Structure formats: structure tokens, C-alpha cells
Amino acid sequence: GALCVQLGNPPAIADDAQLPTDPGLSQRQKFEMMTSAAACNSCHRLLNPVSHGFDSYDAVGRHVTHDEDGAIDPSGALPVAGG
């Protein structure tokens with residue numbers, strides 16, 4: 001499993017999850033809001049901090065500093081399992 005933790009299957013609500021469309025929010029803020037529901041956050045509290053570290057790369061691996069919502073915050077963290 002990811003981060004030495006066995007993750008379960010995504011909850012049924014994951015199929016309908018959509019990023020908020022508020023233009024005042026960054027992509028990171030939108031993703032955090034989208035995954036904040038308890039059913040999602042049980043895994044995303046571990047996954048999101050790691051994935052944010054890769055936000056400064058686009059879909060093909062090019063380094064980027066901005067996306068359609070503005071400057072990218074690529075700060076991430078590697079949570080410790082059980083912590």
C-alpha cells in the first residue's frame with residue numbers, strides 16, 4: 001500500500017467528485033476542498049501532502065511555476081504512517 005498503509009477502495013462518492021469552480025481558489029485549494037469529505041479524507045490526508053510536492057510538473061513532466069489559477073505552491077510532506 002501507499003506509504004506503508006493499505007488503502008481501501010475509493011468511496012462511491014469519488015465517481016461524482018468535481019473540483020470547485022471558484023476562480024479565487026488555487027488548484028491546490030480546489031483539490032483540498034474536493035477531497036475534504038470524511039470518506040475521501042481518510043486516504044487523502046496521507047496522499048495529498050505527497051502529491052503536492054509534484055504540483056510544479058505538468059502532465060508530461062515539464063517544470064512549471066504557474067497553472068490556470070496562478071502561482072503553484074509545490075510544498076509537500078511525507079506523512080509518517082500511523083502518525
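**Salt bridges in close-up**

**View A. Lysine 30 and aspartate 69 are joined through their side chains in a salt bridge, with an N to O distance of 3.3 Å.** Distant parts of the chain are linked by this pair: lysine 30 belongs to helix 1, whereas aspartate 69 sits in the loop between strand 1 (66-67) and strand 2, 39 residues apart. Lysine 30 has a relative accessibility of 7% and is therefore buried, the cut-off for this class being under 20%. Aspartate 69, at 25% relative accessibility, is classed as partly exposed. The model shown in this and the following views is predicted.

**View B. Arginine 28 and aspartate 73 form a salt bridge in which the closest N and O atoms are 3.2 Å apart.** Because arginine 28 lies in helix 1 (residues 27-34) and aspartate 73 in the segment after strand 2 (70-71), the contact ties together parts separated by 45 residues in sequence. Arginine 28 is partly exposed, with 22% relative accessibility. Aspartate 73 is likewise partly exposed, its relative accessible area being 39%.

**View C. Aspartate 58 and arginine 62 form a salt bridge whose closest N and O atoms are 2.6 Å apart.** The relative accessible area of arginine 62 is 55%, so this residue counts as exposed, a class that requires over 50%. Aspartate 58 is partly exposed, with a relative accessible area of 23%.

**View D. The whole structure contains three salt bridges according to the search.** Side chains of opposite charge can pair when their charged atoms come close. The pairs are lysine 30 with aspartate 69, arginine 28 with aspartate 73, and arginine 62 with aspartate 58.

Definitions and conventions
Residues numbered from 1 in each chain as written. Predicted model: local features only at pLDDT ≥ 70, side-chain atom pairs only at ≥ 80, totals over all residues. Heavy atoms only, no water. Salt bridge = Lys/Arg side-chain N within 4 Å of Asp/Glu carboxyl O. Helix = DSSP H or I, 4+ residues; strand = E, 2+ residues; numbered from the N terminus. Buried < 20%, exposed > 50% of the residue type's maximum accessible area, 1.4 Å probe, protein only.
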